[in-house]
Amino acid sequence: MSTSIDRQHKQRHPWFELEQVIQRLETIQNVIVVILSIALFCFMVIRLGDLFLSMLVPLGFQKVTSDILFILILVELFRLLIIYLKEQRISVGVAVEVSIVSVLREVIIRGALEIAWQQILAICAFLLVLGGLLLIRAWMARIFNRIEMEKKQAVRDNQVVEEDRLLFDDMVR
C-alpha cells in the first residue's frame, strides 16, 4: 500500500528526484559560469584597448606594469572558468597562480618601499605558502603519474604472461 502511494507521489512530482534536481542546478551553474566568462572576456578586451590607448602618452613603469599584470590576472581567471566548464572542477594550480600574480601586482602598485615592514613579512609568508602549494601540487602530480605508469606496466606484464601461458599451452597440446 505504501509503495503505491510512494510511486504515485513520485509520478506527480518527478522534479523532486535528487538526481534531476542536481542536474538542473549544475546546468544553471554552468550557465552562470558561461555568462561570467563572456563578461570577463568583454572586460579584458576593454582593458586591453585602454592599455593600448594609454601607451600613446608617456606613462610610468608602475602604471604600465600594473595594467599588464591586471590583464594577465583576468586571462588566468578566464582560463580558470574555462577549465571549470570543461572538467567541472576548480584548478588549484591556476587559482594559486592568480593569487601570486595578484599579490605581486599590489606590491608593484603600492611600491615595496611604501609598504610597512609587517605587511611585507605577511606578503612574504603568503607567497611562501602559495609557492609551497605549487611545489606540493607538482610533486603529487609526479607521484600520481608514476603510480599510473606502474599500473599500466603491470597490466602489460600480465598480458605478456597470459600470452606466454597460452603459447605454452598450445605447444604442449
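User: Where do glutamate 76 and arginine 79 lie, and how many residues apart are they?
Analyst: In this predicted model, glutamate 76 and arginine 79 both sit in helix H3, 3 residues apart, which is about one turn of the helix.

User: What do their side chains form, and how far apart are the closest N and O atoms?
Analyst: Glutamate 76 and arginine 79 form a salt bridge, with 3.4 Å between the closest N and O atoms.

User: Is glutamate 76 buried or exposed? And what about arginine 79?
Analyst: Glutamate 76 counts as buried because its relative accessibility is 18%, under the 20% limit, whereas arginine 79, at 35%, counts as partly exposed.

User: Which residues are linked with Arg79 in a network of salt bridges?
Analyst: The network links Arg79 with Glu76 and Glu97; the side chains of glutamate 97 and arginine 79 meet in a salt bridge at 3.4 Å, N to O. Glutamate 97 belongs to helix H4 (residues 92-110) and arginine 79 to helix H3, so this pair ties together parts that are 18 residues apart in sequence. Glutamate 97 is itself partly exposed, with a relative accessible area of 31%.

User: Switching topic, how many salt bridges are there?
Analyst: The count comes to 5 salt bridges, and one of them joins the side chains of arginine 47 and aspartate 67 at 3.4 Å, N to O. That pair links distant parts of the chain, with arginine 47 in helix H2 (residues 18-54) and aspartate 67 in helix H3 (residues 61-87), 20 residues apart.

User: Which class does arginine 47 fall in, and which does aspartate 67?
Analyst: Arginine 47 counts as partly exposed at 24% relative accessibility, while aspartate 67, at 7%, counts as buried.

Definitions and conventions. Residues are numbered from 1 along each chain as its sequence is written. This is a predicted model: local features need pLDDT of at least 70, side-chain atom pairs count only at pLDDT 80 or more; totals for chains, interfaces and linings use all residues. Side-chain values use heavy atoms; hydrogens and water are left out. A salt bridge is a side-chain nitrogen of Lys or Arg within 4 Å of a carboxyl oxygen of Asp or Glu. Helices (H or I, at least four residues) and strands (E, at least two) are DSSP runs, numbered from the N terminus. Buried means under 20% relative accessible area, exposed over 50%, partly exposed in between (1.4 Å probe, protein chains only).
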